[in-house]
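Have the sequence and the 3D view open as you read.

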Amino acid sequence: KIYGKVFGVVSAKGGAGTTTTAVNLATSIASMPATKVAVIDLGYPLGDAAALMDARPQFSVFDAFKVGSRLDTVLLESYITNKHGISLLAAPMEVEERALPDQDTFRETLKVVTETFTHAVVDVPSHLDLEYLHAFSKMCTQLLVVVTPELLSLWKTHRLLNYMNRWDIPGKLKLVVNKNDRSEEITTRQIQKMLDLKISWRLPFDYDSAIHAINHGKPLVRENNSSLATAFGTMAEELTGLTLPQKRKAGLLSGFMRKKQKASGPKSSLLEAVSDTSSEHSALF
């Protein structure tokens with residue numbers, strides 16, 4: 001049986017950009033021919049993928065976990081939310097106490113994912129139990145370790161990589177430097193020397209483009225043709241061995257439209273949903 005590829009995205013420190021990386025990598029892959037792509041958000045008690053995709057899922061990955069050995073492709077797809085050409089198996093939308101399933105169930109759920117999709121990108125939270133991270137690393141095709149060029153992120157990543165190097169996962173670890181800026185005090189050479197791992201991809205620092213995409217509820221690679229969007233496309237091509245469809249270069253008109261969108265304010269429906277919820281709560285007091 002042919003199984004799909006699984007790409008994990010993890011960081012040693014929160015705020016490194018794993019969710020942004022996961023969503024935009026998946027969106028890039030989904031634009032390639034003959035692909036069926038999922039994003040699996042393992043974040044708990046809350047994840048961010050649904051917000052970045054402007055999605056309102058009714059079910060979460062924990063609903064799939066609860067089914068256990070009864071889970072199959074048909075049942076899995078009933079828990080999926082489709083948005084932007086991607087199938088999202090979301091993290092819980094409300095804060096509540098959750099417990100990860102036993103490792104057999106965890107592995108079996110991921111196995112069904114590989115039977116259902118050609119590619120799955122898994123957003124792995126920085127606080128995931130190391131035993132589960134170990135189990136996941138055995139199943140994934142590549143494990144992308146995201147780091148930012150600042151000391152605390154590098155220090156924590158160094159410790160995590162030292163631990164993960166004990167595992168028998170040769171060639172799976174790929175280093176991604178996010179928010180890469182040539183003016184940073186810590187150089188590329190210093191990062192590679194400290195972590196003893198070659199940098200596979202650099203994602204340029206582009207705060208404006210990233211925030212604009214989030215506020216409009218669309219993956220960055222769907223919103224613009226920035227250098228950051230291009231970097232995600234390159235990552236997708238090199239990981240999959242597939243080629244992105246040829247895109248038209250942004251002209252003056254597309255640039256004008258992006259400026260107009262920025263001036264008109266956020267378009268994400270989640271902004272209205274949060275406002276409505278806040279109003280409902282206020283009415284109770």
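Two strands pair if DSSP finds at least two bridges between them, and helices (H or I, at least four residues) and strands (E, at least two) are DSSP runs, numbered from the N terminus. This is a predicted model, in which local features need pLDDT of at least 70 and side-chain atom pairs count only at pLDDT 80 or more, while totals for chains, interfaces and linings use all residues. Residues are numbered from 1 along each chain as its sequence is written, and side-chain values use heavy atoms, with hydrogens and water left out.

**The sheet**

Eight strands make up an open sheet with mixed pairing, running in the order E3-E4-E2-E5-E1-E6-E7-E8. Strand E3 (81–83) and strand E8 (199–204) are the edge strands, each pairing on one side only. From one strand to the next, the twist averages 25 degrees; axes are lines fitted to C-alpha atoms, for helices over the stretch in contact, and angles run from 0 to 180 degrees between N-to-C directions.

E3 pairs with strand E4 (residues 86–89) in the antiparallel sense, over three bridges. Asparagine 82 has serine 87 in E4 as its bridge partner.

Which strands does helix H11 touch? Helix H11 (residues 227–240) packs on the sheet and touches strands E1, E5, E6, E7 and E8, where contact means heavy atoms within 4.5 Å. The direction of H11 makes about 155 degrees with that of E8.

**Aromatic rings**

Rings of Phe, Tyr and Trp (its six-membered ring) pair if their centres lie within 6.5 Å; planes under 30 degrees apart count as stacked, over 60 as edge-to-face and the rest as tilted. A search of the whole structure finds six aromatic pairs. Two of them are tabulated here.

| Pair | Centre to centre | Angle between planes | Type |
|---|---|---|---|
| Phenylalanine 106 and tyrosine 132 | 5.3 Å | 90 degrees | edge-to-face |
| Tyrosine 163 and tryptophan 167 | 5.7 Å | 85 degrees | edge-to-face |

Phenylalanine 106 lies in helix H5 (residues 103–116) and tyrosine 132 in helix H6 (residues 130–139), 26 residues apart, so the pair links distant parts of the chain. Buried means under 20% relative accessible area, exposed over 50%, and partly exposed in between (1.4 Å probe, protein chains only). Phenylalanine 106 counts as buried because its relative accessibility is 0%, and tyrosine 132 is buried at 12%. Tryptophan 167 is buried at 10%, whereas tyrosine 163 is partly exposed at 29%. Tyr44, Phe62, Phe65, Phe106 and Tyr132 form one aromatic cluster.
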